[in-house]
Structures are given as C-alpha cells and as structure tokens.
Amino acid sequence: MPSDVMVAGHIALDILPDMSLLKPEQVIDAGKVIEIGRISYSTGGAVSNTGLALHRLGIAVDLLAVVGADWVGSAIIDYVRQYDSALGDHIRVLPAASAYTIVIEPQKQDRTLLTHTGVYHDFSVNDIDLDLAAGCKLFHLGYPTLLPRLYDNDGAGFLDLVGAVKDLGPITSVDMSLPAPDSPSGQADWRAILRRCLPFVDIFVPSIEEIMFMLRRADHDRWQGEIIARMTAEYLADLAGELLELGVGIAGFKLGERGLYLRTSPDAGRLAFLSRLGQAPADWAGMQTWHRAFQVQVAGTTGAGDAAYAGLIAALVRGLDFQDCARWACAVAACNIEAADATSGVRAWEETAARLSRDWQTRAL
C-alpha cells in the first residue's frame, strides 16, 4: 500500500571526516599532512535526509531512489534498512556508480560538499513508480539541481516529472541544492526552468542561498558570506512574492541560524491541494511568518535543511496550522544539528513535541 508521503530523487553516501580541530585554511594547505579525527558515514541527499526524518517523526513514507551496483550502493540500502527493512523496497540498483558526497566541515563552520552524481545522470520521470505515487498524499522531489535530465533543455525533464505526478493528484513539493557556479547545473537558466515548472509545484522551500543563486544572482554574488545576515522581512516577502507569481502555492526559505520564512498564496483556490490533508485552504490564504531558529549546541549542519523540510511536511500531514508548521520545521532542524550526521539527531514526534512544550528558547533575529 502507498504511504502518506513519497520522497523521490537524490540519495548518496555521505562520508564525514572529523575536522573539528582543523582550521578552515588548513583544508587547502597543499603539500602538508594534517591529522584529523575518525571518519563516520551516513546516507545523504533528500531521499535519505528528508525521508528518514519523516520516518523518525512517525510519518508513513516511501523512499524512491536509485543506486549503483557497487559497495556504496549496498551501504546506502543497508543504512536505510536499519530504520525499517521496508524503506529499501523502492531503491533500485542499476549498473552504474553510486552517488556519494564528502562533507568538509572544519571547526563546525558551514560545510563544503564534494559530490559525485554517478547513477543519477539519467534519472527522469521514467524512474518514478507512478502507480505508487498516485496513492500517496504528498510527493516530495529532492534536488533536481543534481539530476541532469531534469534541468537540461530548460527543465523539460523536470516539467515532465512534476506534471505527471501532479496529474495523478498528490500534493507536489520540491527541494533544491546549491549548484556550483561553473558546473552544468550552475550554468542552467534556472529562472526559465522555474517559470516552466513551478505552476505544477505546490510547496517550494529552498534555502535562501539556492533561490538567490537562481533568481537574484547579482545580490547572491555581491553578498557572498553574509547572505543570511543581510535578510530583512521586506526582502524575504518580495522574493517569496516572486515565487508565488511563478505559480507556487506555499513558498519559503530555509535561513539557517535565522530560522524559516513561509508565505502562502492569497488565493485559496491555489491552496485547494491542502484539502487532501484535511486542511482548510481559506485558513492558509495570504499568510506569512518568519520563525526564529531554536537554541541548541551545534554538532554539525549536514542535513539541517532537509530536516526542516521534513518537519514542515510532517506537521502538514498531521493537520497542524500554518504557524505550527513553521515552528515544527525549525524544531526538527534544531534537533538535527545536535548530531554530526544528517539524520540521527532527529527525534520522534512525541519527544520533539515534549521539548517544544518546555518553553524551548529561540535565537534572536
């Protein structure tokens, strides 16, 4: 039977060397041998990070992904099956190299990701089990930015995928990753791609850096290293308004240490998809909020954005209101960054709810 949520798209093996004692400038200190800590690994990518977080939060979820016929692919499937053996049922093994990412995070600074797309070079709508997708309430696609068949030809493959799923009835949700400027994804015309595809996307909550790279490139490049610090409520509202004009029903941005911003369409008709979750579209129309991040001791930031998205989706599926959905997104992200890897910090729904009930303090904006 289909689950409430299907998470499809990118999955990889995350390799995390302990660099907590390493200065950022030492990472590129050529010709030197520098001692670091032990290595750990977990699965990464939206299918793993968001999907496993949803599972931990008690949401029935299917993971739809592809891996290569190599030890990395075997490790990915074994890892997700530690949570529940059924979570590996829809991960296909193909004769190619698996995707992997090396996470560079010296002294717990914001991370650099060295990633290999591998088997995902040809990922398309043909890799989606549409019969299974038809039965879910919400379909979440992770990282079209890492799926060349989706962003090529001004997003023709992206449009085919979200259009096919939307025709089946599920709510559609999309998350992004940040393209490298000189990569094929970084050279794609993302404004044109989003203009074509976002009318078929109900929920779109990328990171602020990702969407500024795509829609506000001049500001993105001018504010390098201080994008989040420069955000104002007016700027966020204007940028979210642009996404709503492009066709999204619920738009928002993950803001790291400054929390989460959400804004909804003023048209209750565009939010009719919420009825599929027992929500009243009129109660959500024309809403906006900027929720502050919760105070925690940071162990690592890997997967924080994916965890925030999982918190948002879980709260939506459970029927919480607009403000509480933003609150839960920030809460799940906060739990996530208390662990170094992408998933183990996320707590069960009941445990997270208990923490929220104890007057959990937030950071100042």
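Good morning. Among contacts in this protein (heavy atoms within 4.5 Å) between residues at least 6 apart in sequence, 74% join residues at least 24 apart. The model is predicted, with local features requiring pLDDT of at least 70 and side-chain atom pairs pLDDT 80 or more, while totals for chains, interfaces and linings use all residues. Residues are numbered from 1 along each chain as its sequence is written, and side-chain values use heavy atoms, with hydrogens and water left out.

I begin with the overall form. The protein has 14 helices and 13 strands; these are DSSP runs, H or I of at least four residues for helices and E of at least two for strands, numbered from the N terminus. Its radius of gyration is 19 Å, close to the 21 Å that the globule rule gives for 365 residues, so the protein is as compact as a globular protein of that length. That radius is taken over C-alpha atoms, and the rule is 2.2 Å times the number of residues to the power 0.38. Of the 365 residues, 56% count as buried, meaning under 20% relative accessible area with a 1.4 Å probe, protein chains only.

Five of its five residues are buried, so S11 is largely enclosed by the rest of the structure. Ile250, Gly252 and Lys254 point one way, and Ala251 and Phe253 the other. Strand pairing here requires at least two DSSP bridges. S10 (residues 203-204) runs parallel to S11 and is joined to it by two bridges, with phenylalanine 204 partnered by alanine 251. On S12 (residues 260-264), the pairing with S11 is antiparallel over five bridges, and tyrosine 261 stands opposite phenylalanine 253. S11 and S12 form a hairpin with five residues between them, and glycine 256 in the turn has a positive phi of about 55°.

A separate open sheet has four strands in the order S3-S2-S6-S7, with mixed pairing. S3 (39-44) and S7 (112-116) stand at the edges with a single partner strand each, so one side of each is left without a neighbour in the sheet. S6 (residues 100-104) and S7 run antiparallel, joined by five bridges; tyrosine 100 has histidine 116 as its bridge partner in S7.

Finally, a helix pair. Ile208, Ile211, Met212 and Leu215 in H7 meet Tyr235, Leu236, Leu239, Glu242 and Leu243 in H10.

Thank you.

Technical notes. Buried < 20%, exposed > 50% of the residue type's maximum accessible area, 1.4 Å probe, protein only.
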